[in-house]
Amino acid sequence: ATNGAGAGAGAGEDSRTVTVRVPAKVNVQLAVGGIRPDGFHGLANVFLAVSLYDEVSATPAATPRLTVSGADAGQVPLDDSNLAVRAARALATHHGLGESDPVHLHLSKDIPVAGGMAGGSADAAGALLACDALWNTRTSHDELLALCAELGSDVPFSLLGGAALGRGRGELLTPLEVGGTFHWVFAVADGGLSTPAVYGECDRLREASGGGATVADVGEPEPAPALLDALRTGDATALAAALAPHGGGSSSNDLQSAALSLRPSLAATLHAGTAAGALAALVSGSGPTCAFLTKDADSAETVAAALLASGTCRTARRATGPAPGATVVG
Ligand code: C5P
């Protein structure tokens, strides 16, 4: 599937193309604090990059344009709301280039769209890096991270990759050591969920249960020490225990109950994966993608096949983490 007029290089475009590969992420912990005065939620966000990738290409063009290919291409906005377009523009403005160097951005999408795996953030980080290489603007790593943070809370992590603790609204990153490779399966749902809607539902559920939703009534979010230990030692069984710390439906992802409230059918998806032998199941970020941690590559294959056969998801994808951050590949 292709979205946008003519996915290839258009008339008048030269052949200098820079291509950047950017990973998806899963939040192994998403501790959500209260609403801040700026409307964002304070977070303790433990990101893990996984080996599902989008590729972002930038080619000089007569006028700016955006094209998208991949199974979900039709769901990606082509207007100025697209984060990749905004990223290219932000970099041009940062270097005082104005509209002088128009580019054709092409997104080759493999990350689920609006799936809670930071696909839009990946495209923004990819566009920044691709345009920086194309324009030879040599932006420092810290400046790139600052530009990423302006574009969205998850964009700095898409640039960095690996694993990291995100504080603030998720943009203040501390890289984390990971002592092994974790094997995951991702159950992709039909249709996405809106991130603001899921945060809003989280606040609504908290208020309804009498907990309140502002910074004053919700405590400071903290990463779980056992979860950080499990990442450091690369111990999948220990990580699984930290993902679902009290068994049953409990989750290290504070947005999980909100995603389930908006999309009750996800409960069956989570159950299908655990019934097939996954060590732990949780909603990825704001969902609706569900993430399953498995013992090894063989178990991931079994769980993916069972999820597909269960009819509780559109598709099931295997991936490993940690994966490298945004990288120029051509
Ligand atoms: O930063 P980003 O644009 O990705 O955030 C999208 C939306 O998600 C925000 O407008 C806000 O509604 C919600 N959000 C939040 N707290 C965060 C991050 C995101 O409430 N820390």
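Author: Residues are numbered from 1 along each chain as its sequence is written. The model is predicted, so local features need pLDDT of at least 70 and side-chain atom pairs pLDDT 80 or more, while totals for chains, interfaces and linings use all residues.

Reader: Where is Ala291, and what is it in contact with?

Author: Ala291 sits in strand 10; strands (E, at least two residues) and helices (H or I, at least four) are DSSP runs, numbered from the N terminus. Contact asks for C-beta atoms, placed from the backbone, within 7 Å. Leaving aside neighbours within four places in sequence, Ala291 is in contact with Val26, Trp184, Phe186, Leu282 and Ser284.

Reader: How do you know that the buried residues of helix 9 line one face?

Author: Those residues are Leu266, Thr269, Leu270, Ala272 and Gly273. Seen down the axis of helix 9, they fall within an arc of 160°, so they line one face. The arc is that of the directions from the helix axis to the C-beta atoms. As background, an α-helix has 3.6 residues a turn, so residues three or four places apart point the same way.

Reader: And what does that buried set pack against?

Author: Strand 8 (182-188), helix 8 (256-262), strand 9 (280-283), strand 10 (290-294) and helix 10 (297-310).

Reader: What makes you say the ligand lies between the domains?

Author: Domain 1 (12-177) and domain 2 (182-321) both give residues to the shell around the ligand, so it lies between them. The domain bounds come from an automatic or database domain assignment. The shell includes Phe40, His41, Asp154, Arg169 and Tyr199. Helix 5 gives the largest share, three residues.

Reader: How many shell residues are nonpolar, polar and charged?

Author: Four nonpolar, five polar and two charged. Ala, Val, Leu, Ile, Met, Phe, Trp, Tyr, Cys and Pro count as nonpolar, Asp, Glu, Lys and Arg as charged, and the others, Gly among them, as polar.

Reader: How far apart are the C-alpha centres of the two domains?

Author: They lie 23 Å apart. The contact takes 32 residues from domain 1 and 40 residues from domain 2.

Conventions:
Buried ≥ 20, exposed ≤ 12 C-beta atoms within 10 Å, placed from the backbone. Contact = placed C-beta atoms within 7 Å. Near = placed C-beta within 6 Å.
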